[in-house]
Amino acid sequence: MGLNERPLNALENLFAAANVRFSLLIVFDQNDEKCVHDLRQRALQGLETSPLGYLELQHIENDANNTWKLIQHELCVGRVTCRTVVTDIKMLGSQWLQALVQTVNEAAQGALVLEIIMQKTNSTSSDSDNTTNAIGLFVNVNHAMADGRSLTRLVEMATTKPLRQEKLSDQGKHDSQPTGKYPIIVPDWHELVKQCMTTRQWDDGPAFLPGNYNMLTIDELCAAAIGGANENRNASPNGSESYEFEFSADTIIALRKVIKKTTSKHANTTLSGFLAAVLMRSLAMEYTLTCTQEPPPLPRDIGISMLVDLRPQLKQQQQQQEIDVQVLPQAFGTVTLMESTDRLTMSTRSDDTAENDIITEHKHDGHHMILALATELTQQLRRRIERGEALRTGVALTSGQFENAGPPATLEVSNLGVCRLPKGAKLYTAQRFDGYDGVSCMIHSESYSNDNDDTASAVAGCMRWNVSVGQGLDGEVIQRVFTRAAALCEQIAKL
């Protein structure tokens, strides 16, 4: 291969071959042509400061194993396109999310898609005649080129940084080739993570801390809840089904206050730990309260696979190789948090049903159990990361040793953290993973800045969950699990 290219590692190649994709859509409530022009310039400016602006996937010709490579090239203005979505005025609230899901399923394999979408109402509106109501910046990329953190970083760079006055040439040429942050070829993060593993000291315990019982898988949960695997009445046929949950800024602020007030001041309980506890509680209730088995099901472990950003752990490799690990297109592992169903449901009344529990819990016993568990899961997450479990999964996955990538989990959660946006903007996410048979939930919170000022204090915004349902799973069961979890969040915020 040439100097400006490298073969994909095993995990990247799986993503490329299966067309596993991430999409983000940031929507602005603006409607003039200057906003469209400025957004396009900002998008180009964001690409200049992101490795995604220079990298592309290519299929290796005449290769029987369907392998791919990553190449580096000059920034191309043609990567930013514009199109128009014409909708009825009544559909403005939901059309953005529908357009996002549709476009992620239509995107070309291997390509980075970056579009400015102008939404217009049709002539049925009484106060507008085919006028632009809002504009959006749509980013769609194969997972082989980026993880969630690098994608949200691109969006932040493209929307919150001050707009420079100078412009790129029509051909998108630079006066000089990118240096420093962008080496001739972005290094394979598999090699960096493997080096990190070999240069650190680890305890003599097992590679992954075990649970108490056999792990409950999501397909087992669906089958138990509806009376058997052959009765998947609401099964998703192709893994494209998704659900969106939104929590207001007031709810998130209240939740953080409750967590801080009710947990030890030394515990430093995180929102990720709390969300894992809420989801575990809801999964366990679905298993024990709606299961049709006789006698009642035996205790099982509920597992949440949390995606972990590995960049902070690669500081030594950064110094040795003089690279900025923060601009790696991706570097992640996973940590599986575990708790048993008997612990998770011990405060549930015997006469409860899953539906009743969405409304209330007896004397808030379940709520306080969740808060206590949130602290324990926060500590468990830290311990597993400190003993190298996330690094081990990163090495195993990128080596193609998927059987050694840690214990299985009931579902996967990726918390993208807080995304800083311009005031009034909204951020939506979506995924595509053909043939995937699990459930993946992407979570992000929003904060807002005024006048594109990096130094201004941020204002807290909402939190959104995007839940993607894999092939063959019962969508009603999954929706019920996350609806219950969302209701628990709202209830606990009022404590």
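**View 1. Arginine side chains over aromatic rings.** In this predicted model, the charged end of Arg464 sits over the ring of Tyr428, at 4.7 Å from its centre. A further arrangement of this kind involves Arg392, which lies over the face of Trp202, 5.6 Å from the ring centre.

**View 2. The aromatic cluster around Trp465.** Phe245, Phe247, Trp465 and Phe482 form one aromatic cluster, and the structure as a whole holds 6 aromatic pairs. One of these pairs is formed by Phe245 and Trp465, whose rings are tilted, with 6.1 Å from centre to centre and 55° between the planes. Because Phe245 belongs to strand E8 (residues 241-247) and Trp465 to strand E14 (residues 459-469), this pair ties together parts that are 220 residues apart in sequence. Phe245 is buried, with a relative accessible area of 13%, and Trp465 also counts as buried, at 1% relative accessibility. Trp465 forms a pair with Phe482 as well, this one edge-to-face, with 6.2 Å between the centres and 75° between the planes. Here the link runs from strand E14, which holds Trp465, to helix H14 (residues 475-492), which holds Phe482, the two residues being 17 apart in the chain. Like Trp465, Phe482 is buried.

**View 3. The buried face of helix H5.** Helix H5 spans residues 189-199, and its buried residues are Trp189, His190, Leu192, Val193, Cys196 and Met197. Seen down the axis of H5, these buried residues fall within an arc of 165°, so they line one face of the helix. An α-helix has 3.6 residues a turn, so residues three or four places apart point the same way. The buried residues of H5 pack against helix H1 (10-18), helix H9 (315-321), strand E10 (332-340) and helix H13 (389-399).

**View 4. His143 and its contacts.** His143 is placed in the loop between strand E7 (132-142) and helix H4 (148-159). With a relative accessible area of 7%, His143 counts as buried because this value falls under the 20% cut-off. When neighbours within four places in sequence are left aside, His143 is in contact with Phe15, Val20, Arg21, Phe22, Gln330 and Phe332.

Notes. Residues numbered from 1 in each chain as written. Predicted model: local features only at pLDDT ≥ 70, side-chain atom pairs only at ≥ 80, totals over all residues. Heavy atoms only, no water. Buried < 20%, exposed > 50% of the residue type's maximum accessible area, 1.4 Å probe, protein only. Helix = DSSP H or I, 4+ residues; strand = E, 2+ residues; numbered from the N terminus. Arc of directions from axis to C-beta. Contact = heavy atoms within 4.5 Å. Phe/Tyr/Trp six-rings, centres within 6.5 Å; stacked < 30°, edge-to-face > 60°. Lys NZ or Arg CZ within 6 Å of the ring centre and 35° of its normal.
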